[in-house]
Every structure is written in structure tokens, then in C-alpha cells.
Amino acid sequence: MTFEELKPFIVPGLPHYLALSGQVFAIGILIALSKRNAIAVLMGVELMLNATNLAFLAFTRFVPQAQGTPALAGHVFVVFILTVAAAEAAVALAMAVLVYRRRETVDLDRLNLLRW
Amino acid sequence: MADFVVIAPALILLLASGVVLFVAISGPGTLRPVVLGALVIAGVFALAQGAGGQNAEAFGGAVRVDAFSVFFAVLIVAATIAVILGGSEWIESRAQRGEVYGLMLASAGAMLLLTQSNDLIMIFVALETTSIAQFILAGIARDARSSEAGLKYLLTGSVSAAVLLYGFAFLFGLSGSTSLQGIAAYVAAAPEGGRLALLFAFALVAAGFGFKMAIVPFHAWAPDVYQGAPTVVTSFLSVASKAAGFAIVLRVFYVGLGGGDSYIANDWAIMFGVLAALSMTFGNLAALMQTDVKRLLGYSSIAQAGNIAVGLAAVAAGSTNGASGVLFFLGTYAATNLGAFVCVMAVSQRIGSDQIRDYAGLARRSPWLAGILTLCLLSLTGIPPTAGFLAKIYIFNSAIQASGASEFTSNLGAQMVGAPPFVANLVDGVVERWLVLVVVVAVLNTAISAFYYLRWARTMILDEPPETSALRVPAGVQGVVAVAAFGVVLFGLAPTPLITAAQHAAAALH
């Protein structure tokens with residue numbers, strides 16, 4: 001077989017990246033929804049954001065841009081996502097520390113002052 | 001430079017936020033005049049932009065200032081001013097007053113940007129800036145309840161932001177563009193093969209925005225955060241943040257999807273119709289059982305978001321005045337909810353409780369607050385002559401109008417083999433006019449909501465007060481609630497100016 005024939009099987013294309021991104025996103029959202037520890041939920045969110053980044057990069061690489069769209073719009077989006085995710089993580093950890101000081105736990109099942 | 005003039009109102013607020021934080025760190029100083037000054041200047045600037053009448057774009061079309069964004073800029077700035085004036089007692093008594101002011105300004109500034117943004121990147125950055133500031137605000141009292149509210153808000157917020165982003169990624173992948181116009185061009189080409197992918201992307205986007213609007217099933221944070229966060233922050237969330245959420249949904253839907261003409265408009269209409277019915281029913285049923293006023297208002301805000309979502313469904317079904325209905329509702333809701341929350345703030349601080357039973361006999365201890373709170377509750381229920389009544393009529397009317405205009409046809413009756421013709425016709429008629437069903441659900445819900453709103457009012461007016469000492473409320477707070485009450489009555493009796501403004505703003509989207 002020539003390289004050209006094998007290429008779809010060896011060189012990853014858009015479907016491969018999207019499948020990976022979908023898997024990572026699914027793992028992330030499952031972690032975020034099922035874990036009871038606030039820090040673990042945040043790790044799930046990070047996975048979801050990274051899956052999004054991967055999808056953006058794959059789309060920018062493989063999908064032709066529409067007329068009038070600035071080049072690298074997807075890459076720029078990823079840079080913004082990274083920045084915002086860092087800001088969010090900083091606030092989240094500060095908040096987790098605050099809650100831990102007050103309640104000595106970050107277990108979401110035990111944070112039940114506000115219920116019903 | 002011209003770009004910065006276009007976004008000047010938001011820029012003023014964001015710069016003022018930095019100044020306030022800096023001054024607060026460097027020592028004691030008067031912050032309130034700076035904060036209010038910045039808000040007033042931003043509001044006047046936004047009004048001037050609106051009076052100019054022409055639309056302006058900046059940063060390569062990422063930001064678009066038009067009558068629509070001006071309407072929301074004025075609404076958000078006015079709400080923020082009212083929250084700061086009404087809550088100044090609490091804010092000024094806190095060691096973190098600099099942070100409260102600074103974050104509120106940052107959040108409001110980013111909300112202005114959000115209502116102006118016309119590009120997925122801009123939407124995301126503005127949305128996250130408002131959200132992150134609000135996460136900190138919710139936890140700012142730093143006691144057990146407030147910090148718990150902050151953490152829960154933050155976790156739900158970041159999960160829904162990630163879901164929203166995944167939707168954005170697919171919108172970008174399908175259309176090859178991050179601008180709403182680019183997406184609109186893709187949708188207008190009506191690629192039948194991309195229909196499922198497009199619906200998937202928009203469902204994710206709706207989930208992300210649903211969190212901001214607090215509609216079922218993305219509502220779980222609302223009662224907890226409303227109850228746990230300081231009341232000042234709660235009132236800010238319930239008015240400004242919700243308005244910004246609906247604003248961006250309307251813009252994405254109109255500009256990004258081509259409004260009611262788009263080929264997936266019917267799917268959107270059904271989605272929002274179902275979400276609206278769920279929100280109203282769930283919010284009202286849960287509110288029936290509440291004893292805490294802030295939690296009750298939290299569930300009430302979910303129910304009200306359902307009412308507004310009826311307008312979104314009407315827009316998608318092709319109603320011509322659905323969008324202005326949403327805007328009019330948000331305007332009246334801002335006045336009503338601000339009045340209610342500032343009253344709750346003033347009363348709760350004095351009686352030291354958020355329980356409804358401790359509001360007993362408030363009418364004798366403070367006739368002024370009790371009267372205005374009752375008026376606001378009547379407006380939330382939707383009883384004439386208050387603004388809430390007209391807002392509901394307007395929005396339900398737009399839904400009924402849309403159910404006639406919809407080209408949605410049912411073939412369910414034809415599939416019912418063996419059914420008598422009149423049954424088949426009836427089924428078809430009901431399915432084709434399903435928006436009327438949503439309105440019926442909404443009206444039934446109004447009856448449910450009357451029960452808990454009026455029960456609260458009854459406790460205030462008829463029950464015996466535990467003590468009879470009068471509650472002393474500073475003139476500033478009395479002024480804010482008076483203005484809110486004036487708004488509730490004015491929009492109820494003479495709604496024409498607000499309706500005209502809403503229609504003008506909605507027209508700018510087309």
C-alpha cells in the first residue's frame with residue numbers, strides 16, 4: 001500500500017480530534033456531575049475546557065474559514081479560554097479555601113446549610 | 001481610538017472598578033461618590049449613544065452598539081445604582097466595601113459589553129467576567145452560608161460555561177466563523193445535513209445561557225445562591241444579571257439564527273416553550289413551601305424566568321412583538337424586584353431575620369415598607385393596575401399571536417388510524433397551537449403564585465407583630481423603594497413610553 005492509501009488511517013484528521021475531544025468532554029462532565037469533592041469537580045471542569053480547546057484547534061486546522069473571519073480566530077479563542085480558565089481556577093481555589101476554613105470540608109454533600 | 005469611544009460606558013465602569021479597588025487597598029476613603037459618579041456618567045453616555053440613533057460597530061464587528069444594547073445598558077446601570085443606594089447601609093458597614101463596589105462595577109461593566117457583543121469570543125469573555133465577579137460577590141460576606149453560596153454558584157457556573165463553550169466550538173466548526181453574522185450566513189444557507197449538528201450546538205449554548213437566566217433545568221444554583229448571598233448581591237443577580245442573560249440570548253437568536261425565519265426556529269420555539277412551562281411550574285410549586293423570604297424570591301425568580309421564556313418561544317414561533325415583550329417584561333421586572341429586594345434588605349437588617357413569619361405585622365411597624373413590598377408582590381403576581389400585570393398580558397399575547405402565525409403543521413391526526421375525524425382535528429388543532437397551551441400553563445401558574453405572594457402580604461398586614469416598635473429606615477433607602485414603587489405603578493398605568501422604547505430596541509435586532 002502506498003502512503004496516500006494509508007494516510008487516513010495513520011494521519012489523524014478532524015474526526016479523530018473530535019472523537020478525542022468528545023471523549024474528554026464526556027469524562028469531564030461525568031466527573032463534574034458525580035464527584036462530591038469541590039476540587040474534583042473543578043478538575044472535571046478543566047477537562048471540559050481542554051476538550052473545548054481541542055475542538056477549537058481541530059476546527060481551525062481542518063475547516064475552511066468563512067469569508068471575512070480573521071485568520072486564527074479559533075486559536076485566539078483558545079488563548080482567551082486558557083486565560084479565563086486560569087482566572088476562574090484562581091477564584092475557585094480561593095473560594096474552596098474560604099469554605100474549608102469555615103466548615104472544615106469541601107464535600108458538596110456536607111455543604112447543606114442551604115437546602116429546601 | 002474610535003473603538004474605545006463606542007464601548008466607553010463599559011470602559012468607564014471597568015476603569016472605575018480598578019480605581020475603587022486601588023483606593024480601597026490604599027486606605028480609608030469615600031468610595032460611594034466615585035462609584036455612583038462612574039455609574040451615572042456611564043448611563044448618560046449610553047443614553048447619548050442611544051439618542052444619536054445610529055448603530056456603531058467596534059473591534060472588527062465584535063462589539064455592536066445599537067438601540068438594543070442601549071436599552072439594556074440603561075436598565076443595568078439604573079439597577080446597579082438602585083442596588084448600591086438601597087444597600088449602602090450594609091455595604092458601608094463591611095470591611096470589604098471596596099471589593100463589593102469594585103466587583104459590582106466590574107460585573108456591571110462586563111454586562112454592558114455582553115449586551116453589545118456580536119462575536120462568540122466577545123460573548124464568552126464578557127459572560128465570564130460578569131460571572132466570576134458575581135461568584136466572589138456571592139461569597140463576600142465570608143460567613144458559612146455566604147461562602148457556601150459562593151462555592152456552589154462558582155461550580156455550577158463554571159460547568160455551564162464549559163458546556164456553553166463546547167457549543168460555541170461546534171458553532172465555529174460548522175460555520176467557520178466566530179461572528180454572529182457569519183453564523184447567520186451559515187444558518188441562512190439552510191444546510192439540511194448540518195441540521196442535527198446545529199441543533200446540538202444550540203442546545204449546548206442554550207444550556208449555558210439557561211444558567212444565566214436561571215430557567216429549569218439549569219436553575220439549581222438560584223435558590224441556594226439567593227438565600228446564602230448577601231441580599232445586596234442577590235438583588236443585583238436577580239435583576240441585572242438576569243436581564244443581561246436574556247439580552248444575549250435574544251441577540252444570539254436574532255442575529256445568529258436569523259430570528260423566526262430560520263429553518264430551525266420551530267425547534268427553538270418548542271425547546272423554549274417546554275423550558276418555560278417547566279420553569280414556571282417548578283418555580284412556583286417549590287416557592288409554595290418556602291419560609292425564607294430570600295429563598296422564596298429565588299424560586300419566584302425561576303418562575304418569572306419561565307414567564308419571560310414564553311416570550312422567547314413566541315419570538316422563535318414568529319411573533320412580531322415577542323422580543324419587545326421580553327424587553328418590556330425585563331424592565332417592569334427590574335422595578336418590581338428591586339423594590340421587593342430593597343424592602344427585604346431594609347427590614348431583614350432591622351428584625352435580624354429572613355423568615356416570613358418574622359415579617360408579621362410589618363404594616364404596623366413600618367407602613368411605608370410594608371405598603372411598597374405588598375405593591376411589589378402584587379406586581380410579581382400580575383394583578384392590575386401594577387406593571388407586572390401588563391407585562392404578563394403583553395408577553396402572553398405575543399405568544400397567542402405567534403401560535404396563529406406559526407407555519408407549524410401537525411400530521412399527528414392523520415396518523416391516528418381509526419380515530420373519529422373530530423378527534424383527529426382536535427389533536428391537530430391543539431398541536432398546531434401548542435403555544436396557547438404554554439400560555440394556559442402560565443396562567444394557571446399565576447394562580448399558584450398568587451397563593452404564596454399574597455400569603456406573605458397577608459402575614460405583613462393582618463398578623464400581630466411580635467413587637468410594636470417602629471422600624472427606622474434612612475431616607476436614601478426610602479427614596480429608592482419609592483422610586484421603584486413609582487416605576488411599578490407608572491409602567492402599570494402609563495406603559496407607552498417603556499413599550500415604545502422596548503419596541504425600538506427590539507427593532508434594532510433585525
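**View 1. Chain A as a whole.** Of the 116 residues in chain A, 32% are buried, a residue being buried if 20 or more other C-beta atoms lie within 10 Å of its own, exposed if 12 or fewer, and partly exposed in between, with C-beta atoms placed from the backbone. This is a predicted model, in which local features need pLDDT of at least 70 and side-chain atom pairs count only at pLDDT 80 or more, while totals for chains, interfaces and linings use all residues. Residues are numbered from 1 along each chain as its sequence is written, and chains are lettered from A and ligands numbered from 1 in the order in which they are written. The secondary structure of chain A consists of four helices and zero strands, where helices (H or I, at least four residues) and strands (E, at least two) are DSSP runs, numbered from the N terminus. The radius of gyration of chain A is 19 Å, well over the 13 Å that the globule rule gives for 116 residues, so the chain is more spread out than a compact globule; this radius is taken over C-alpha atoms, and the rule is 2.2 Å times the number of residues to the power 0.38. Along its principal axes, the C-alpha trace of chain A spans about 65 × 35 × 25 Å.

**View 2. Where chain A meets chain B.** Here 39 residues of chain A are in contact with 37 residues of chain B, two residues being in contact if their C-beta atoms, placed from the backbone, lie within 7 Å. On the side of chain A that touches chain B, α4(A) gives the most, with 17 residues. The residues of that side divide into 31 nonpolar, five polar and three charged; Ala, Val, Leu, Ile, Met, Phe, Trp, Tyr, Cys and Pro count as nonpolar, Asp, Glu, Lys and Arg as charged, and the others, Gly among them, as polar.

View 3. The 21 residues of helix α3 (residues 32-52) of chain B should span 30 Å at 1.5 Å a residue, and its end C-alpha atoms are 30 Å apart, which agrees; the expected span is 1.5 Å times one less than the number of residues. The buried residues of α3(B) include V35(B), L39(B) and A46(B). The buried residues of α3(B) pack against α2 (8-26), β2 (63-65), α4 (67-86) and α6 (97-116) of chain B, whereas the face turned away from the buried side carries the exposed residues P33(B), G37(B), A48(B), A51(B) and G52(B). After α3(B) comes G53(B), whose phi is positive, near 90°.

**View 4. L103(B) in helix α6.** L103(B), found in helix α6 of chain B, counts as buried because it has 23 C-beta neighbours inside 10 Å. Leaving aside neighbours within four places in sequence, L103(B) is in contact with A133(B), I136(B) and L137(B).

**View 5. The loop between α10 and α11 of chain B.** A cis peptide bond, with omega about 0°, joins V216(B) and P217(B), and P217(B) has its place in the loop between α10 (195-213) and α11 (221-228) of chain B. A214(B) is found in the loop between α10 and α11 of chain B as well, and its phi is near 60°, a positive value in a residue other than glycine. With 29 C-beta neighbours inside 10 Å, A214(B) counts as buried.
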